[in-house]
Amino acid sequence: MGRQMSDESRTLPSSFRDPSGFLFEREGRLYRQVNGVYRDHYDHLFSSGLYRALTEQGLLIPHEEVDLPPPDPDGAYKVIKPRVVPFISYPYEWCFGQLKDAALATLRIQRTAFDFGMSLKDASAFNIQFIDGRPVLVDTLSFEKLELRPWVAYRQFCQHFLCPLLLVAYKDYALGPLSRIFIDGVPLSLASRLLPFRTRLRPSLATHVHLHALSQKVFSGKKMKVRERKIRPMSLAGLTESLESAVRKLSLPIKKTEWARYYEETNYTPESFERKKKIVEDFLEVMKPKTVWDLGANTGIFSRLASRRGIPTVAFDVDTVAVELNYRECREKNEKNLLPLVMDLTNPTPALGWENRERMSLLERGPADAVLALALLHHLAISNNLPFQRIAGFLGRTCRSLVIEFVPKTDSQVQRLLATREDIFGHYTQPDFEEQFGRVFLIEKTVPVEGTERTLYLMKNRGSPAS
Amino acid sequence: MKSMFRPAVCLVLVLFLLPVCGYSYIDLGSGSYIIQLIIAGFVGFSLSLRIFWKKIRTRLSKKTKPDGPADVR
(Lines give C-alpha, C1' and ligand atoms only; values in the text may rest on other atoms or scores of the structure.)
Protein backbone atom coordinates (compact mmCIF):
# COMPACT_ATOMS: atom_id res chain seq x y z
CA MET A 1 0.00 0.00 0.00
CA GLY A 2 3.02 2.20 0.05
CA ARG A 3 2.34 3.61 3.47
CA GLN A 4 4.80 3.81 6.28
CA MET A 5 2.74 2.65 9.22
CA SER A 6 3.68 3.27 12.78
CA ASP A 7 4.00 -0.04 14.63
CA GLU A 8 0.90 0.18 16.79
CA SER A 9 -1.49 0.99 13.90
CA ARG A 10 -3.15 -1.46 11.55
CA THR A 11 -4.76 -0.23 8.33
CA LEU A 12 -8.08 -1.92 7.65
CA PRO A 13 -7.68 -4.29 4.70
CA SER A 14 -10.86 -2.86 3.13
CA SER A 15 -9.60 0.71 3.18
CA PHE A 16 -7.28 1.26 0.24
CA ARG A 17 -9.22 2.43 -2.81
CA ASP A 18 -9.84 6.08 -1.95
CA PRO A 19 -6.75 8.34 -1.80
CA SER A 20 -8.73 10.77 0.39
CA GLY A 21 -7.87 8.77 3.51
CA PHE A 22 -8.06 5.39 5.17
CA LEU A 23 -9.30 3.58 8.25
CA PHE A 24 -6.92 2.21 10.82
CA GLU A 25 -7.09 0.49 14.17
CA ARG A 26 -5.12 1.49 17.20
CA GLU A 27 -5.46 -0.14 20.59
CA GLY A 28 -8.68 -1.82 19.51
CA ARG A 29 -10.31 1.46 18.42
CA LEU A 30 -11.16 2.51 14.88
CA TYR A 31 -9.90 5.80 13.43
CA ARG A 32 -9.78 7.41 10.01
CA GLN A 33 -6.85 9.38 8.63
CA VAL A 34 -7.91 12.26 6.39
CA ASN A 35 -5.23 12.95 3.79
CA GLY A 36 -3.96 16.35 2.70
CA VAL A 37 -5.27 15.84 -0.85
CA TYR A 38 -8.80 15.81 0.59
CA ARG A 39 -8.33 18.88 2.77
CA ASP A 40 -10.49 21.33 0.75
CA HIS A 41 -13.40 18.93 0.49
CA TYR A 42 -13.19 17.95 4.17
CA ASP A 43 -13.16 21.58 5.26
CA HIS A 44 -16.05 22.37 2.93
CA LEU A 45 -18.07 19.53 4.48
CA PHE A 46 -18.01 21.50 7.74
CA SER A 47 -17.97 25.10 6.55
CA SER A 48 -20.95 24.48 4.25
CA GLY A 49 -22.99 23.03 7.13
CA LEU A 50 -23.49 19.70 5.33
CA TYR A 51 -21.88 17.61 8.08
CA ARG A 52 -24.22 19.09 10.64
CA ALA A 53 -27.30 18.73 8.46
CA LEU A 54 -26.59 15.07 7.69
CA THR A 55 -25.60 14.01 11.20
CA GLU A 56 -28.69 15.74 12.62
CA GLN A 57 -30.84 13.75 10.20
CA GLY A 58 -29.00 10.56 11.21
CA LEU A 59 -27.77 10.03 7.65
CA LEU A 60 -24.03 10.40 8.24
CA ILE A 61 -21.96 8.79 10.97
CA PRO A 62 -20.81 11.39 13.50
CA HIS A 63 -17.14 11.63 14.42
CA GLU A 64 -14.79 13.71 16.49
CA GLU A 65 -11.41 15.01 15.50
CA VAL A 66 -8.69 13.63 17.73
CA ASP A 67 -5.19 14.73 18.54
CA LEU A 68 -3.53 11.46 17.66
CA PRO A 69 -0.30 10.92 15.70
CA PRO A 70 -1.42 9.85 12.19
CA PRO A 71 -0.12 6.49 10.99
CA ASP A 72 1.03 8.03 7.70
CA PRO A 73 2.24 11.50 8.75
CA ASP A 74 3.48 12.51 5.28
CA GLY A 75 0.04 12.54 3.69
CA ALA A 76 -2.02 13.31 6.76
CA TYR A 77 -4.31 16.27 7.33
CA LYS A 78 -6.37 15.06 10.30
CA VAL A 79 -7.29 11.99 12.31
CA ILE A 80 -10.94 11.45 13.13
CA LYS A 81 -12.67 8.99 15.44
CA PRO A 82 -16.03 7.85 13.99
CA ARG A 83 -18.84 6.49 16.14
CA VAL A 84 -18.60 2.73 16.61
CA VAL A 85 -20.81 0.61 14.35
CA PRO A 86 -22.23 -2.15 16.58
CA PHE A 87 -22.17 -4.82 13.87
CA ILE A 88 -20.80 -4.56 10.34
CA SER A 89 -23.21 -6.02 7.79
CA TYR A 90 -22.94 -6.30 4.03
CA PRO A 91 -25.45 -5.69 1.20
CA TYR A 92 -25.53 -9.40 0.33
CA GLU A 93 -26.82 -10.06 3.87
CA TRP A 94 -29.61 -7.49 3.68
CA CYS A 95 -33.20 -8.19 2.81
CA PHE A 96 -34.98 -6.25 0.07
CA GLY A 97 -36.32 -3.61 2.46
CA GLN A 98 -32.89 -2.94 3.90
CA LEU A 99 -31.29 -2.52 0.47
CA LYS A 100 -34.15 -0.25 -0.62
CA ASP A 101 -33.81 1.91 2.50
CA ALA A 102 -30.04 2.07 2.00
CA ALA A 103 -30.57 3.17 -1.63
CA LEU A 104 -33.07 5.86 -0.62
CA ALA A 105 -30.75 7.06 2.15
CA THR A 106 -27.90 7.38 -0.38
CA LEU A 107 -30.09 9.46 -2.70
CA ARG A 108 -31.37 11.61 0.15
CA ILE A 109 -27.76 12.27 1.15
CA GLN A 110 -26.98 13.22 -2.45
CA ARG A 111 -29.96 15.62 -2.57
CA THR A 112 -28.94 17.21 0.72
CA ALA A 113 -25.35 17.47 -0.48
CA PHE A 114 -26.49 19.47 -3.54
CA ASP A 115 -28.12 22.01 -1.24
CA PHE A 116 -24.75 22.59 0.41
CA GLY A 117 -22.68 22.68 -2.78
CA MET A 118 -21.34 19.15 -2.51
CA SER A 119 -21.92 15.76 -4.14
CA LEU A 120 -21.23 12.11 -3.40
CA LYS A 121 -18.14 10.89 -5.21
CA ASP A 122 -19.06 7.27 -4.65
CA ALA A 123 -22.31 5.44 -4.04
CA SER A 124 -21.11 2.08 -2.81
CA ALA A 125 -23.62 0.02 -0.84
CA PHE A 126 -20.71 -1.01 1.39
CA ASN A 127 -20.53 2.59 2.63
CA ILE A 128 -23.90 2.15 4.31
CA GLN A 129 -24.30 0.46 7.68
CA PHE A 130 -27.35 -0.03 9.87
CA ILE A 131 -27.04 1.87 13.13
CA ASP A 132 -29.97 2.11 15.54
CA GLY A 133 -32.04 0.36 12.91
CA ARG A 134 -31.43 3.02 10.25
CA PRO A 135 -29.16 3.15 7.18
CA VAL A 136 -26.24 5.52 7.81
CA LEU A 137 -23.37 6.59 5.54
CA VAL A 138 -20.18 5.59 7.33
CA ASP A 139 -17.64 6.98 4.86
CA THR A 140 -17.15 10.60 5.88
CA LEU A 141 -14.78 11.12 2.95
CA SER A 142 -17.40 10.33 0.29
CA PHE A 143 -18.13 13.97 -0.49
CA GLU A 144 -16.56 16.37 -2.93
CA LYS A 145 -17.29 19.95 -3.86
CA LEU A 146 -20.08 20.05 -6.42
CA GLU A 147 -18.93 20.41 -10.00
CA LEU A 148 -21.44 20.76 -12.78
CA ARG A 149 -20.51 17.53 -14.53
CA PRO A 150 -22.19 14.11 -14.72
CA TRP A 151 -22.48 12.31 -11.38
CA VAL A 152 -19.38 10.13 -11.10
CA ALA A 153 -21.14 7.59 -8.90
CA TYR A 154 -24.14 7.11 -11.20
CA ARG A 155 -23.08 3.73 -12.60
CA GLN A 156 -22.02 2.54 -9.14
CA PHE A 157 -25.41 3.44 -7.72
CA CYS A 158 -27.20 1.54 -10.49
CA GLN A 159 -25.00 -1.54 -9.99
CA HIS A 160 -24.94 -1.55 -6.20
CA PHE A 161 -28.57 -0.68 -5.56
CA LEU A 162 -30.92 -0.46 -8.53
CA CYS A 163 -30.02 -3.71 -10.32
CA PRO A 164 -30.06 -5.97 -7.21
CA LEU A 165 -33.37 -4.44 -6.09
CA LEU A 166 -34.96 -4.92 -9.50
CA LEU A 167 -33.79 -8.52 -9.79
CA VAL A 168 -35.36 -9.40 -6.45
CA ALA A 169 -38.55 -7.43 -7.10
CA TYR A 170 -39.11 -8.66 -10.65
CA LYS A 171 -37.42 -12.09 -10.78
CA ASP A 172 -36.70 -14.01 -7.62
CA TYR A 173 -35.73 -13.61 -3.95
CA ALA A 174 -32.87 -15.99 -4.61
CA LEU A 175 -31.07 -13.31 -6.66
CA GLY A 176 -30.58 -11.16 -3.55
CA PRO A 177 -27.13 -12.51 -2.70
CA LEU A 178 -25.92 -11.98 -6.30
CA SER A 179 -23.90 -9.02 -5.03
CA ARG A 180 -21.86 -11.54 -3.05
CA ILE A 181 -20.47 -12.72 -6.41
CA PHE A 182 -20.28 -9.27 -7.99
CA ILE A 183 -18.63 -7.30 -5.22
CA ASP A 184 -18.62 -4.10 -7.30
CA GLY A 185 -22.29 -4.38 -8.02
CA VAL A 186 -24.42 -6.44 -10.38
CA PRO A 187 -23.36 -5.71 -13.99
CA LEU A 188 -25.97 -3.74 -15.89
CA SER A 189 -25.73 -6.04 -18.89
CA LEU A 190 -26.55 -9.07 -16.73
CA ALA A 191 -29.44 -7.31 -15.00
CA SER A 192 -30.78 -6.11 -18.35
CA ARG A 193 -30.72 -9.67 -19.74
CA LEU A 194 -32.36 -11.20 -16.67
CA LEU A 195 -35.12 -8.65 -16.13
CA PRO A 196 -38.53 -9.30 -17.71
CA PHE A 197 -39.80 -7.40 -20.75
CA ARG A 198 -42.23 -5.28 -18.73
CA THR A 199 -39.34 -3.44 -17.09
CA ARG A 200 -38.54 -2.01 -20.56
CA LEU A 201 -41.95 -0.34 -20.57
CA ARG A 202 -41.22 1.71 -17.47
CA PRO A 203 -39.32 4.80 -18.63
CA SER A 204 -37.09 5.05 -15.56
CA LEU A 205 -36.05 1.39 -15.76
CA ALA A 206 -35.75 1.44 -19.54
CA THR A 207 -33.24 4.27 -19.27
CA HIS A 208 -31.32 3.63 -16.02
CA VAL A 209 -30.91 -0.09 -16.69
CA HIS A 210 -31.62 -1.19 -20.26
CA LEU A 211 -30.40 1.79 -22.26
CA HIS A 212 -27.61 2.24 -19.74
CA ALA A 213 -26.48 -1.35 -20.40
CA LEU A 214 -26.79 -0.82 -24.12
CA SER A 215 -24.82 2.38 -23.95
CA GLN A 216 -22.07 0.57 -22.06
CA LYS A 217 -22.04 -2.13 -24.71
CA VAL A 218 -21.88 0.38 -27.56
CA PHE A 219 -18.96 2.27 -26.06
CA SER A 220 -17.17 -0.59 -24.33
CA GLY A 221 -13.48 -0.65 -25.17
CA LYS A 222 -13.79 2.22 -27.67
CA LYS A 223 -11.44 5.12 -27.32
CA MET A 224 -13.27 8.23 -28.29
CA LYS A 225 -12.93 11.84 -27.48
CA VAL A 226 -15.86 13.61 -26.01
CA ARG A 227 -15.87 17.18 -24.90
CA GLU A 228 -16.19 17.56 -21.13
CA ARG A 229 -19.78 18.65 -20.82
CA LYS A 230 -21.20 20.73 -18.07
CA ILE A 231 -24.48 19.66 -16.64
CA ARG A 232 -27.11 21.98 -15.23
CA PRO A 233 -27.86 21.77 -11.49
CA MET A 234 -31.48 21.12 -12.44
CA SER A 235 -30.40 18.11 -14.50
CA LEU A 236 -28.36 16.69 -11.59
CA ALA A 237 -31.32 17.15 -9.28
CA GLY A 238 -33.61 15.60 -11.89
CA LEU A 239 -31.34 12.57 -12.21
CA THR A 240 -31.39 12.01 -8.46
CA GLU A 241 -35.14 12.47 -8.37
CA SER A 242 -35.62 10.03 -11.23
CA LEU A 243 -33.52 7.37 -9.45
CA GLU A 244 -35.37 8.02 -6.21
CA SER A 245 -38.73 7.62 -7.90
CA ALA A 246 -37.60 4.37 -9.58
CA VAL A 247 -36.42 2.92 -6.25
CA ARG A 248 -39.41 4.13 -4.26
CA LYS A 249 -41.87 2.41 -6.59
CA LEU A 250 -40.25 -1.00 -6.08
CA SER A 251 -41.96 -3.37 -3.70
CA LEU A 252 -41.49 -6.95 -2.65
CA PRO A 253 -44.50 -9.23 -2.89
CA ILE A 254 -44.45 -11.36 0.26
CA LYS A 255 -44.81 -15.03 -0.62
CA LYS A 256 -45.66 -17.53 2.08
CA THR A 257 -42.34 -19.33 2.27
CA GLU A 258 -41.70 -22.36 4.46
CA TRP A 259 -39.95 -20.33 7.13
CA ALA A 260 -42.04 -17.16 7.03
CA ARG A 261 -45.03 -19.15 8.30
CA TYR A 262 -42.96 -21.20 10.72
CA TYR A 263 -44.61 -19.94 13.86
CA GLU A 264 -48.05 -20.62 12.39
CA GLU A 265 -47.17 -24.30 12.24
CA THR A 266 -45.50 -24.95 15.57
CA ASN A 267 -46.49 -28.11 17.38
CA TYR A 268 -46.82 -26.61 20.84
CA THR A 269 -49.55 -24.67 22.55
CA PRO A 270 -49.49 -20.90 23.15
CA GLU A 271 -48.86 -21.67 26.85
CA SER A 272 -45.78 -23.76 26.04
CA PHE A 273 -44.58 -21.04 23.69
CA GLU A 274 -44.87 -18.49 26.49
CA ARG A 275 -43.03 -20.86 28.86
CA LYS A 276 -40.23 -21.17 26.33
CA LYS A 277 -39.99 -17.39 26.11
CA LYS A 278 -39.87 -17.16 29.90
CA ILE A 279 -37.01 -19.69 30.10
CA VAL A 280 -35.02 -17.76 27.47
CA GLU A 281 -35.63 -14.54 29.39
CA ASP A 282 -34.42 -16.18 32.59
CA PHE A 283 -31.28 -17.36 30.81
CA LEU A 284 -30.66 -13.84 29.45
CA GLU A 285 -31.02 -12.53 32.99
CA VAL A 286 -28.34 -14.96 34.16
CA MET A 287 -25.95 -14.32 31.25
CA LYS A 288 -26.38 -10.53 31.02
CA PRO A 289 -24.78 -10.54 27.56
CA LYS A 290 -23.51 -7.37 25.90
CA THR A 291 -24.25 -8.72 22.41
CA VAL A 292 -26.56 -11.47 21.15
CA TRP A 293 -26.74 -13.37 17.89
CA ASP A 294 -29.98 -15.24 17.29
CA LEU A 295 -29.22 -18.01 14.79
CA GLY A 296 -32.25 -19.20 12.85
CA ALA A 297 -34.19 -16.24 14.22
CA ASN A 298 -37.09 -16.43 11.77
CA THR A 299 -39.16 -13.25 12.24
CA GLY A 300 -37.32 -12.38 15.44
CA ILE A 301 -39.76 -13.26 18.23
CA PHE A 302 -36.99 -14.56 20.48
CA SER A 303 -34.43 -12.01 19.26
CA ARG A 304 -36.70 -9.32 20.68
CA LEU A 305 -36.43 -10.83 24.15
CA ALA A 306 -32.81 -9.70 24.00
CA SER A 307 -33.08 -6.50 21.95
CA ARG A 308 -35.89 -5.14 24.14
CA ARG A 309 -33.50 -5.32 27.06
CA GLY A 310 -31.27 -2.89 25.17
CA ILE A 311 -28.84 -5.59 24.06
CA PRO A 312 -27.54 -5.11 20.49
CA THR A 313 -28.94 -8.21 18.78
CA VAL A 314 -28.39 -9.62 15.31
CA ALA A 315 -31.17 -11.91 14.05
CA PHE A 316 -29.90 -14.24 11.33
CA ASP A 317 -32.13 -16.38 9.16
CA VAL A 318 -31.76 -18.16 5.85
CA ASP A 319 -35.22 -17.13 4.69
CA THR A 320 -35.21 -13.72 3.06
CA VAL A 321 -38.99 -13.35 3.55
CA ALA A 322 -38.72 -14.03 7.29
CA VAL A 323 -35.91 -11.45 7.46
CA GLU A 324 -38.01 -8.99 5.43
CA LEU A 325 -40.94 -9.38 7.86
CA ASN A 326 -38.58 -8.99 10.80
CA TYR A 327 -37.08 -5.82 9.30
CA ARG A 328 -40.52 -4.35 8.57
CA GLU A 329 -41.47 -4.83 12.21
CA CYS A 330 -38.22 -3.16 13.27
CA ARG A 331 -39.06 -0.16 11.09
CA GLU A 332 -42.68 0.04 12.18
CA LYS A 333 -41.78 -0.05 15.86
CA ASN A 334 -38.60 1.98 15.43
CA GLU A 335 -36.53 -0.74 17.10
CA LYS A 336 -32.94 0.36 17.55
CA ASN A 337 -31.23 -2.73 18.93
CA LEU A 338 -32.26 -5.37 16.43
CA LEU A 339 -30.56 -6.03 13.10
CA PRO A 340 -32.16 -8.76 10.97
CA LEU A 341 -29.84 -10.32 8.37
CA VAL A 342 -30.04 -13.07 5.76
CA MET A 343 -27.57 -15.84 6.56
CA ASP A 344 -27.34 -19.47 5.54
CA LEU A 345 -25.59 -21.08 8.50
CA THR A 346 -24.62 -24.10 6.42
CA ASN A 347 -22.74 -21.70 4.13
CA PRO A 348 -22.11 -18.55 6.17
CA THR A 349 -20.72 -15.38 4.59
CA PRO A 350 -17.08 -15.96 3.69
CA ALA A 351 -14.31 -13.38 3.62
CA LEU A 352 -14.40 -11.67 0.23
CA GLY A 353 -12.64 -9.16 -1.97
CA TRP A 354 -8.99 -8.40 -2.53
CA GLU A 355 -6.76 -10.95 -0.75
CA ASN A 356 -9.99 -12.27 0.83
CA ARG A 357 -9.62 -9.45 3.31
CA GLU A 358 -11.87 -6.65 2.09
CA ARG A 359 -15.13 -7.99 3.52
CA MET A 360 -15.16 -10.03 6.70
CA SER A 361 -16.54 -13.52 7.12
CA LEU A 362 -19.29 -14.08 9.66
CA LEU A 363 -16.91 -15.59 12.21
CA GLU A 364 -14.46 -12.68 11.88
CA ARG A 365 -17.25 -10.39 13.10
CA GLY A 366 -17.73 -12.36 16.28
CA PRO A 367 -17.74 -13.70 18.82
CA ALA A 368 -21.05 -12.66 20.34
CA ASP A 369 -21.45 -12.69 24.08
CA ALA A 370 -24.39 -15.02 23.69
CA VAL A 371 -25.93 -17.07 20.91
CA LEU A 372 -29.55 -18.23 20.79
CA ALA A 373 -29.96 -21.44 18.81
CA LEU A 374 -33.64 -22.23 19.24
CA ALA A 375 -35.40 -24.87 17.14
CA LEU A 376 -32.28 -24.93 15.01
CA LEU A 377 -30.40 -28.08 15.98
CA HIS A 378 -32.68 -30.58 14.21
CA HIS A 379 -32.54 -28.60 10.97
CA LEU A 380 -28.74 -28.61 11.00
CA ALA A 381 -28.38 -32.21 12.19
CA ILE A 382 -31.13 -33.88 10.17
CA SER A 383 -31.78 -31.67 7.13
CA ASN A 384 -28.08 -31.01 6.61
CA ASN A 385 -26.49 -34.22 7.98
CA LEU A 386 -24.30 -32.26 10.37
CA PRO A 387 -22.97 -34.32 13.29
CA PHE A 388 -23.44 -32.83 16.81
CA GLN A 389 -19.68 -32.63 17.15
CA ARG A 390 -19.40 -30.31 14.12
CA ILE A 391 -22.34 -28.14 15.22
CA ALA A 392 -20.87 -27.78 18.71
CA GLY A 393 -17.49 -26.91 17.17
CA PHE A 394 -19.02 -24.17 15.00
CA LEU A 395 -21.12 -22.70 17.81
CA GLY A 396 -18.06 -22.79 20.06
CA ARG A 397 -16.42 -20.34 17.68
CA THR A 398 -19.37 -17.94 17.70
CA CYS A 399 -20.05 -17.23 21.37
CA ARG A 400 -19.13 -17.25 25.04
CA SER A 401 -22.56 -18.44 26.19
CA LEU A 402 -25.10 -20.53 24.34
CA VAL A 403 -28.82 -21.05 24.71
CA ILE A 404 -29.74 -24.10 22.69
CA GLU A 405 -32.90 -26.14 22.29
CA PHE A 406 -32.83 -29.90 21.95
CA VAL A 407 -35.74 -31.26 19.91
CA PRO A 408 -36.02 -35.08 20.19
CA LYS A 409 -36.76 -37.42 17.32
CA THR A 410 -40.25 -38.06 18.66
CA ASP A 411 -41.15 -34.39 18.16
CA SER A 412 -43.52 -33.96 15.22
CA GLN A 413 -41.27 -31.33 13.61
CA VAL A 414 -38.38 -33.81 13.52
CA GLN A 415 -40.75 -36.51 12.30
CA ARG A 416 -41.69 -34.20 9.45
CA LEU A 417 -38.03 -33.86 8.48
CA LEU A 418 -37.61 -37.62 8.59
CA ALA A 419 -40.82 -38.37 6.69
CA THR A 420 -39.23 -38.34 3.26
CA ARG A 421 -35.84 -39.78 4.03
CA GLU A 422 -34.11 -42.72 5.64
CA ASP A 423 -33.34 -42.30 9.33
CA ILE A 424 -29.57 -42.54 9.36
CA PHE A 425 -29.33 -40.56 12.58
CA GLY A 426 -28.74 -43.20 15.20
CA HIS A 427 -26.70 -40.72 17.24
CA TYR A 428 -29.45 -38.12 17.33
CA THR A 429 -30.23 -38.66 21.01
CA GLN A 430 -30.24 -36.36 24.01
CA PRO A 431 -27.36 -38.17 25.79
CA ASP A 432 -25.23 -38.00 22.64
CA PHE A 433 -26.10 -34.31 22.25
CA GLU A 434 -25.05 -33.62 25.84
CA GLU A 435 -21.84 -35.59 25.44
CA GLN A 436 -20.74 -33.84 22.22
CA PHE A 437 -21.74 -30.33 23.34
CA GLY A 438 -20.26 -31.02 26.79
CA ARG A 439 -16.82 -31.23 25.19
CA VAL A 440 -17.02 -27.63 23.95
CA PHE A 441 -19.42 -26.12 26.48
CA LEU A 442 -20.04 -26.44 30.18
CA ILE A 443 -23.74 -27.25 30.63
CA GLU A 444 -24.97 -24.84 33.30
CA LYS A 445 -28.76 -25.24 33.18
CA THR A 446 -31.15 -27.76 31.68
CA VAL A 447 -34.84 -26.81 31.62
CA PRO A 448 -37.55 -28.91 29.92
CA VAL A 449 -40.20 -26.84 28.14
CA GLU A 450 -43.40 -27.89 29.85
CA GLY A 451 -46.08 -29.18 27.49
CA THR A 452 -43.50 -30.22 24.87
CA GLU A 453 -40.80 -32.84 24.51
CA ARG A 454 -38.15 -30.18 24.09
CA THR A 455 -35.38 -29.07 26.44
CA LEU A 456 -33.57 -25.75 26.71
CA TYR A 457 -29.92 -25.62 27.73
CA LEU A 458 -27.78 -22.79 28.99
CA MET A 459 -24.13 -23.49 28.26
CA LYS A 460 -20.86 -21.69 28.79
CA ASN A 461 -17.92 -21.97 26.41
CA ARG A 462 -15.09 -23.98 27.99
CA GLY A 463 -12.48 -22.06 26.05
CA SER A 464 -12.31 -18.72 24.35
CA PRO A 465 -14.15 -18.56 21.04
CA ALA A 466 -11.57 -17.85 18.34
CA SER A 467 -12.11 -17.71 14.64
CA MET B 1 -33.39 -8.35 -28.88
CA LYS B 2 -36.20 -6.96 -31.06
CA SER B 3 -37.51 -5.06 -28.10
CA MET B 4 -34.23 -3.22 -27.85
CA PHE B 5 -34.07 -2.27 -31.53
CA ARG B 6 -35.97 1.02 -31.32
CA PRO B 7 -34.29 2.26 -28.13
CA ALA B 8 -30.95 1.32 -29.67
CA VAL B 9 -31.68 3.35 -32.79
CA CYS B 10 -32.79 6.32 -30.67
CA LEU B 11 -29.69 6.04 -28.50
CA VAL B 12 -27.34 5.95 -31.48
CA LEU B 13 -29.14 8.94 -33.06
CA VAL B 14 -28.85 10.96 -29.89
CA LEU B 15 -25.22 9.97 -29.47
CA PHE B 16 -24.45 11.19 -32.96
CA LEU B 17 -25.85 14.56 -31.99
CA LEU B 18 -23.39 14.87 -29.12
CA PRO B 19 -20.32 16.99 -29.77
CA VAL B 20 -17.25 14.87 -30.45
CA CYS B 21 -14.45 17.36 -30.53
CA GLY B 22 -12.78 16.51 -27.36
CA TYR B 23 -10.67 17.62 -24.55
CA SER B 24 -10.38 14.42 -22.58
CA TYR B 25 -10.34 10.71 -23.12
CA ILE B 26 -13.12 8.74 -21.53
CA ASP B 27 -12.74 5.18 -20.35
CA LEU B 28 -14.99 2.15 -19.98
CA GLY B 29 -17.40 4.27 -18.01
CA SER B 30 -18.09 6.24 -21.18
CA GLY B 31 -21.36 4.40 -21.77
CA SER B 32 -22.59 5.44 -18.31
CA TYR B 33 -21.32 8.96 -18.87
CA ILE B 34 -23.18 9.42 -22.13
CA ILE B 35 -26.45 7.83 -21.09
CA GLN B 36 -26.39 9.97 -17.98
CA LEU B 37 -26.06 13.13 -20.06
CA ILE B 38 -29.09 12.10 -22.08
CA ILE B 39 -31.21 11.12 -19.07
CA ALA B 40 -30.11 14.17 -17.10
CA GLY B 41 -31.09 16.35 -20.07
CA PHE B 42 -34.58 14.90 -20.20
CA VAL B 43 -35.28 14.76 -16.48
CA GLY B 44 -33.72 18.19 -15.94
CA PHE B 45 -35.97 19.63 -18.65
CA SER B 46 -39.00 17.91 -17.17
CA LEU B 47 -38.13 19.13 -13.67
CA SER B 48 -37.72 22.71 -14.97
CA LEU B 49 -41.11 22.47 -16.68
CA ARG B 50 -42.75 21.21 -13.51
CA ILE B 51 -41.24 24.00 -11.43
CA PHE B 52 -42.21 26.57 -14.07
CA TRP B 53 -45.77 25.20 -14.22
CA LYS B 54 -46.03 25.23 -10.44
CA LYS B 55 -44.98 28.88 -10.37
CA ILE B 56 -47.58 29.80 -12.99
CA ARG B 57 -50.30 27.95 -11.11
CA THR B 58 -49.32 29.66 -7.88
CA ARG B 59 -49.46 33.08 -9.55
CA LEU B 60 -52.75 32.35 -11.28
CA SER B 61 -54.35 31.07 -8.10
CA LYS B 62 -53.21 34.21 -6.31
CA LYS B 63 -54.66 36.41 -9.04
CA THR B 64 -57.97 34.60 -9.32
CA LYS B 65 -58.42 34.22 -5.60
CA PRO B 66 -61.06 36.66 -4.38
CA ASP B 67 -59.99 39.03 -1.67
CA GLY B 68 -60.38 37.60 1.75
CA PRO B 69 -63.53 38.39 3.74
CA ALA B 70 -63.56 41.67 5.49
CA ASP B 71 -62.89 41.56 9.13
CA VAL B 72 -66.39 40.97 10.43
CA ARG B 73 -66.92 41.35 14.10
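This is a predicted model: local features need pLDDT of at least 70, side-chain atom pairs count only at pLDDT 80 or more; totals for chains, interfaces and linings use all residues.

Trainee: What pattern does chain B follow along the sequence?
Mentor: Read along the sequence, chain B goes α-β-α. In total chain B has two helices and one strand. Helices here are DSSP runs of H or I with at least four residues, strands are E runs of at least two, and both are numbered from the N terminus.

Trainee: What share of chain B is buried?
Mentor: Of the 73 residues in chain B, 19% are buried. Buried means 20 or more other C-beta atoms within 10 Å of a residue's own, exposed means 12 or fewer, and partly exposed is in between, with C-beta atoms placed from the backbone. For chain A, the buried part is 44% of 467 residues.

Trainee: Which helix of chain A packs on helix 2 of chain B?
Mentor: That's helix 8 (residues 233-248) of chain A, packing against helix 2 (residues 30-64) of chain B with the axes 7 Å apart and an angle of about 95°. Axes are lines fitted to C-alpha atoms, for helices over the stretch in contact, and angles run from 0 to 180 degrees between N-to-C directions. The two helices are therefore roughly perpendicular; that label covers 65 to 115 degrees, with under 35 roughly parallel, over 145 roughly antiparallel and the rest oblique.

Trainee: And which residues make that contact?
Mentor: On the chain A side they include M234(A), L236(A), L239(A) and E241(A), and on the chain B side I39(B), V43(B) and L47(B) are among them. Contact means C-beta atoms, placed from the backbone, within 7 Å. By class, the residues split into eight nonpolar, eight polar and one charged. Ala, Val, Leu, Ile, Met, Phe, Trp, Tyr, Cys and Pro count as nonpolar, Asp, Glu, Lys and Arg as charged, and the others, Gly among them, as polar.

Trainee: Switching to chain A: how do helix 4 and helix 7 of chain A cross?
Mentor: Helix 4 (residues 154-170) of chain A and helix 7 (residues 203-219) of chain A have axes that come within 12 Å and cross at roughly 110°. Helix 4 of chain A supplies C158(A), L162(A), C163(A) and L166(A), and helix 7 of chain A supplies L205(A), H208(A), V209(A) and H212(A). That contact has six nonpolar, two polar and no charged residues.

Trainee: L205(A), is that buried or exposed?
Mentor: Buried, because L205(A) has 23 C-beta neighbours inside 10 Å. Leaving aside neighbours within four places in sequence, L205(A) touches L166(A), T199(A), H210(A) and A246(A). Its C-alpha atom is 9.1 Å from that of L243(A), 38 residues apart along the chain.

Trainee: Zooming out, how is chain A divided?
Mentor: Into domain 1 (1-253) and domain 2 (262-461), with bounds from an automatic or database domain assignment. Their centres, over C-alpha atoms, are 34 Å apart. The contact takes 21 residues from domain 1 of chain A and 27 residues from domain 2 of chain A.

Trainee: What gives the most on the domain 1 side?
Mentor: Helix 3 (residues 96-115) of chain A, with three residues.

How values were computed
Residues are numbered from 1 along each chain as its sequence is written. Chains are lettered from A and ligands numbered from 1 in the order in which they are written. Two residues are in contact if their C-beta atoms, placed from the backbone, lie within 7 Å.
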